[in-house]
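This report goes through one protein model, part by part. Please keep the sequence and the 3D view open while reading.

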Amino acid sequence: MEFWPEFLASSWGREFVAGGFGGIAGIISGYPLDTLRIHQQSSNSGSAFRILKNMVKNEGPSSLYRGMGAPLASVTIQNAIVFQMYAIMSRAFDTSVPLSEPPSYKGVALGGFSTGAIQSLVLAPVELVKIRLQLRSSNNTRPGQADRHKGPIDVARSILRREGLRGIYRGFTVTVLRDAPAHGVYFWSYEYIREQLHPGCRKNCQENVRTMLVAGGLAGVSSWVCCYPLDVVKTRLQAQTQSSQKYSGIIDCFRKSVEAEGYGVLWRGLGTAVSRAFVVNGAVFSAYEIALRCLFSNGSIQTEKNTI
């Protein structure tokens, strides 16, 4: 029982816990939009509004949250590790900056890049399971069909049993290619935008909640725009099962998708993704910053932080 007080007494422990709060806020706030994005990317099902209307009409509102158990169960640890790793890496890549000063923009970008690459080890299997659940339609599932599972653990076990470790890590390479540059842009954009909106806040941490929301939201939008075609390819690769394999790899998926549906397919669902990114990442960074300030100030936040 003595572990947690000692853990929270350290800077790393507080970064870890604050990152977990940020991750939970992000998942809850943006999961329905994420489900719509996955449906748009995987097939030519029409606009986000049409997909939303059909899902709610045919399967009920709960279908928008299908598969949320997998990311929600892991997101606390995953996001906590991401923010803690970023805090370490952003310093490691530019040791010339003293600890009393905020990390340089170079350290921020390189720290985010390496953090995105490393966290893909955890994220790739989680997103694989999430995508399989999001695309599963209770109306289209035939009785006795092998893919009829109750939740994320059932899906993960089935994939491991039928396809092995290689199956559960399907799409890992494209996840790394997407997440490494995206995280570099993500953290750099957040630090740069918050400083522009509230000069000096990187050092004194005096920005208000509005600044956190806007900077976090725009950082999320920037990171998605720069990597979106790779995300479409990743969704298509992870959506296919061993028995319904259509693409042999990243290049093959890219080529066949463009040949069949044109270059527009690489940007399908971008509007939904951008809308979700603004909401989710505004919530992530706000929850992270507020939790961090609570932990470092023994549960109190300065009044300015709560001003919107």
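## The cavity lining

The residues that line the largest cavity of this predicted model comprise 15 nonpolar, nine polar and seven charged ones. The volume of the largest cavity is about 640 Å³. Among the 31 residues of the lining, those closest to the centre of the cavity are Gln 78, Leu 123, Glu 127, Arg 276 and Asn 281. When the whole structure is searched for cavities of 30 Å³ or more, one is found.

Which helices supply at least two residues each to the lining of the largest cavity? They are helix H2 (11–42), helix H4 (69–92), H5, helix H7 (172–197), helix H9 (209–239) and helix H11 (270–296).

## The overall fold

The protein has eleven helices and zero strands. Read from the N terminus, its elements run α-α-α-α-α-α-α-α-α-α-α. The protein has 308 residues, and buried residues make up 51% of them.

Helix H5 covers residues 105–135, which is 31 residues. A straight helix would reach 45 Å at 1.5 Å a residue, but the end C-alpha atoms of H5 are only 39 Å apart. Where in H5 does a kink lie? The kink, of about 50°, is at Leu 121, shortly before the proline Pro 125.

In H9 a kink of about 65° lies at Cys 227, shortly before the proline Pro 229. Helix H9 is mostly covered, with 22 of its 31 residues buried.

## Salt bridges

Side chains of opposite charge can pair when their charged atoms come close. A search of the whole structure finds 21 salt bridges. One of the pairs is Asp 231 with Arg 37, whose closest N and O atoms are 2.4 Å apart. Asp 231 lies in helix H9 and Arg 37 in helix H2, so this pair ties together parts that are 194 residues apart in sequence. Are the two residues buried or exposed? A residue counts as buried when its relative accessible area is under 20%. Asp 231 has a relative accessible area of 0%, so Asp 231 is buried. Arg 37, with a relative accessible area of 3%, is buried as well.

Asp 179 forms a salt bridge with Arg 178, with 2.7 Å between the closest N and O atoms. Both Asp 179 and Arg 178 are buried. Glu 127 and Arg 276 have already been named among the residues closest to the centre of the largest cavity.

## A pair within helix H10

Arg 255 forms a salt bridge with Asp 252, the closest N and O atoms lying 2.8 Å apart. Both residues are in helix H10 (residues 250–261), three residues apart, or about one turn of the helix. An α-helix has 3.6 residues a turn, so residues three or four places apart point the same way. Arg 255 has a relative accessible area of 39% and is partly exposed, whereas Asp 252 counts as buried at 11% relative accessibility.

Ser 257 is another residue of helix H10. Ser 257 counts as buried, at 4% relative accessibility. The C-alpha atom of Ser 257 is separated by 9.4 Å from that of Tyr 247, and the two residues are ten residues apart along the chain.

## Two loop residues

Cys 205 is in the loop between helix H8 (201–204) and H9. Most residues other than glycine have a negative phi, and most peptide bonds are trans. What is the phi of Cys 205 near? Phi is near 55° there, a positive value in a residue other than glycine. Cys 205 is partly exposed, with a relative accessible area of 31%.

Ser 100 is found in the loop between H4 and H5. Ser 100 is exposed, at a relative accessible area of 58%. Along the chain, Ser 100 and Lys 203 are 103 residues apart, while their C-alpha atoms are separated by 8.4 Å.

Methods. Residues numbered from 1 in each chain as written. Predicted model: local features only at pLDDT ≥ 70, side-chain atom pairs only at ≥ 80, totals over all residues. Heavy atoms only, no water. Helix = DSSP H or I, 4+ residues; strand = E, 2+ residues; numbered from the N terminus. Expected span 1.5 Å × (residues − 1). Bend = angle between axes of the 7 residues up to and from the residue. 1 Å grid on protein atoms, 1.4 Å probe; cavity = no way out; pocket = protein on both sides within 12 Å on 5 of 7 lines; lining within 4 Å. Points joined across faces, edges and corners; volume = space filled by probe spheres on them. Nonpolar A, V, L, I, M, F, W, Y, C, P; charged D, E, K, R; others polar. Salt bridge = Lys/Arg side-chain N within 4 Å of Asp/Glu carboxyl O. Buried < 20%, exposed > 50% of the residue type's maximum accessible area, 1.4 Å probe, protein only.
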